Amino acid sequence: MSTLVEQARKVLKDNGSRWTKQRQQMIEILAEHPDHYIDFTDVDQRLRKDNPGLSHGTVYRNLKDFESLGIVETRQAGERMQVKVCCDSNHHHHFICDVCGRVQEIKMPPIDYAFFAKQLPGAKINGHTFELHGICANCRANKKKAK
Ligand SMILES: [Zn+2]
Ligand SMILES: [Zn+2]
Ligand SMILES: [Zn+2]
């Protein structure tokens, strides 16, 4: 059993959540690429192929439980929801490589919500997403070598 699976199992147990074979399988699939987002549809399809009778609703609920416990993180890529195992720290953002898709954790200074609230009179801000993208150091080095 991989460390990521062990960690997820512990978090679920500590929070009184059920640990099922399907839940373990979901983490195993995500643990194959811990620093890449993958489409939730792919995870869903793999799980339901292995477990006939498993519903899309159950897979989705498992995902949401994992997300609320900080085990996985999700993002929207257009219409597609993507998922990966969570980085180490609670509040963080990502740098995502346009070439290889590798995700690196980044910190950001605290956000000045008042600055934005001023532009949105009468509105209530609930949260934010922030993402940097570009070419990662590995991909840049590989490109230089290829020349
Ligand atoms: Zn992260
Ligand atoms: Zn933030
Ligand atoms: Zn890269």
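1. H128 counts as partly exposed, at 27% relative accessibility; partly exposed lies between buried, under 20% relative accessible area, and exposed, over 50%, with a 1.4 Å probe and protein chains only. This is a predicted model, in which local features need pLDDT of at least 70 and side-chain atom pairs count only at pLDDT 80 or more, while totals for chains, interfaces and linings use all residues. Residues are numbered from 1 along each chain as its sequence is written, chains are lettered from A and ligands numbered from 1 in the order in which they are written, and side-chain values use heavy atoms, with hydrogens and water left out.

2. H128 belongs to the site of the zinc ion (ligand 2), whose coordinating atoms are H91 (NE2), H93 (NE2) and H128 (NE2), at 1.9 to 2.0 Å. Along the chain these donors follow the spacing H-x1-H-x34-H. H93 lies in strand β4 and H128 in the loop between α5 (113-117) and β6 (131-134), so this pair ties together parts that are 35 residues apart in sequence. H93 is buried, at 6% relative accessibility. Donors are N, O and S atoms within 2.8 Å of the metal (3.2 Å for Na, K and Ca); water is not among the atoms, so sites may look incomplete.

3. Because E73 lies in strand β2 (residues 72-77) and C87 in the loop between β3 (80-85) and β4 (93-97), the pair ties together parts that are 14 residues apart in sequence. E73 is buried, with a relative accessible area of 11%, and C87 is buried, at 16%. Helices (H or I, at least four residues) and strands (E, at least two) are DSSP runs, numbered from the N terminus.

4. The domain assignment gives domain 1 (3-85) and domain 2 (93-146), with bounds from an automatic or database assignment. Taken over C-alpha atoms, the domain centres are 23 Å apart. Six residues of domain 1 are in contact (heavy atoms within 4.5 Å) with seven residues of domain 2.

5. The largest pocket has a volume of about 500 Å³. A pocket is an open set of points on a 1 Å grid over the protein atoms alone, where a 1.4 Å probe fits, with protein on both sides within 12 Å along at least five of seven lines; lining residues have an atom within 4 Å of a point. Its lining has 18 residues, with Y37, E73, T74, H92 and T129 nearest the centre of this pocket. By class, four lining residues are nonpolar, ten polar and four charged.

6. The second largest pocket holds about 300 Å³ of space. Of its 14 lining residues, Q7, G70, I71, C86 and C87 lie nearest the centre. Helix α1 (residues 3-14) gives the most to this lining, with four residues. The classes are nine nonpolar, four polar and one charged.

7. Q25 is found in helix α2 (residues 21-31). Q25 is buried, with a relative accessible area of 16%. Not counting residues up to four places away in sequence, Q25 touches L47, D50 and N51.

Technical notes:
Grid points are joined across faces, edges and corners, and a volume is the space filled by probe spheres set on the points. Ala, Val, Leu, Ile, Met, Phe, Trp, Tyr, Cys and Pro count as nonpolar, Asp, Glu, Lys and Arg as charged, and the others, Gly among them, as polar.
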